[in-house]
Amino acid sequence: MTDAVLYYSPSTASLVVHWLLIELDIPHRLELVDFDTRAQRSPEYLRLNPQGRVPTLVLDGQVLTESAAIVMHLAELHPQAGLAPAVGTPERAAYYRWLFFCAYTLMPAYRSWFYPVEPAGEINIEPVKAAARVALEYAWQQVADHLEANGPYLLGEQRSAADFVLTMLMRWSRYMPRPTDDWPVLKAFAARMKALPSFHETYRREGITDWQ
C-alpha cells in the first residue's frame with residue numbers, strides 16, 4: 001500500500017494533487033497547512049518545503065514539491081488510468097506542452113495577479129495586476145482556440161493529467177474581471193472535468209462550495 005501524505009491548504013495549488021490522489025485511488029493522509037497561522041513559514045514545514053508553499057507530497061518517504069511535477073509523477077506511477085500518453089509519441093509531446101504551458105505561462109501570471117506586491121512593490125500593484133490580467137486573458141484565448149479546434153480535451157479525445165491541472169487553474173479565475181467561464185468552450189471543458197466523481201469528492205473533503 002502506498003504511503004502518501006499530502007500537505008495541503010484548501011483551494012490552493014494542492015487541490016490538483018489531492019484530486020489526482022482521489023482519482024487514482026491512492027491511499028493517502030492529509031495534513032492541513034494553515035495559512036491563517038502562517039504554518040507554511042514554520043521551521044517544521046520549511047524543512048519539508050523550503051519555498052514555504054503547498055503542495056508537498058511525501059510519497060514512500062520521498063518529499064515531492066511543485067504541483068505539475070507531482071501530477072506528472074502520479075500519472076506515470078499509475079499507467080492503467082491512461083492519464084499520460086506513451087513516452088516518445090506525438091501525444092506525449094503535446095502533453096508536455098500543455099503541462100508546461102500551465103506551469104510557465106498561467107501560474108506565473110496568476111501569481112502576479114494574486115500577489116502583485118512581490119515583483120514590483122506597493123506602488124506598482126495596479127500596473128502589475130493589469131499586465132497579469134492581459135497575460136492571462138491572452139493565454140486563455142489560446143487554450144480556447146485549441147480546444148475549439150482539437151478538443152474536447154487538451155490532447156483530443158483522451159483525457160490526461162494536463163486537463164486536471166488546467167481545470168484547477170480555470171477555477172482560480174472565478175473572481176477575476178473575465179473568468180474562464182466567459183469562454184463557452186472553456187466552460188464546457190470545465191463542466192466535463194467537474195462531472196468526475198473525484199472532483200466532487202475532493203470538494204467535499206476540502207469543504208469547498210464555489211465554482212461547482
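A salt bridge here is a side-chain nitrogen of Lys or Arg within 4 Å of a carboxyl oxygen of Asp or Glu. By that rule the count comes to nine salt bridges, and R171, R174 and D210 are linked in a network of them. Keep in mind that this is a predicted model, where local features need pLDDT of at least 70, side-chain atom pairs count only at pLDDT 80 or more, and totals for chains, interfaces and linings use all residues. Residues are numbered from 1 along each chain as its sequence is written, and side-chain values use heavy atoms, with hydrogens and water left out.

Let's look inside that network. D210 pairs with R174, and their closest N and O atoms are 2.8 Å apart. This pair links distant parts of the chain, 36 residues apart: D210 sits in the segment after α9 (197-206), and R174 in the loop between α7 (161-171) and α8 (184-194). Helices are DSSP runs (H or I, at least four residues), numbered from the N terminus. R174 is partly exposed, at 22% relative accessible area; buried means under 20%, exposed over 50%, and partly exposed in between (1.4 Å probe, protein chains only).

Now over to R92, which forms a salt bridge with E76, with the closest N and O atoms 2.3 Å apart. R92 belongs to helix α4 (residues 90-114) and E76 to helix α3 (residues 67-77), 16 residues apart. R92 is buried at 4%, whereas E76 is partly exposed at 41%.

One more pair is R178 with D182, whose closest N and O atoms are 2.7 Å apart. R178 is partly exposed at 27%, and D182 is partly exposed too, at 44%.

Notes
Helix = DSSP H or I, 4+ residues; strand = E, 2+ residues; numbered from the N terminus.
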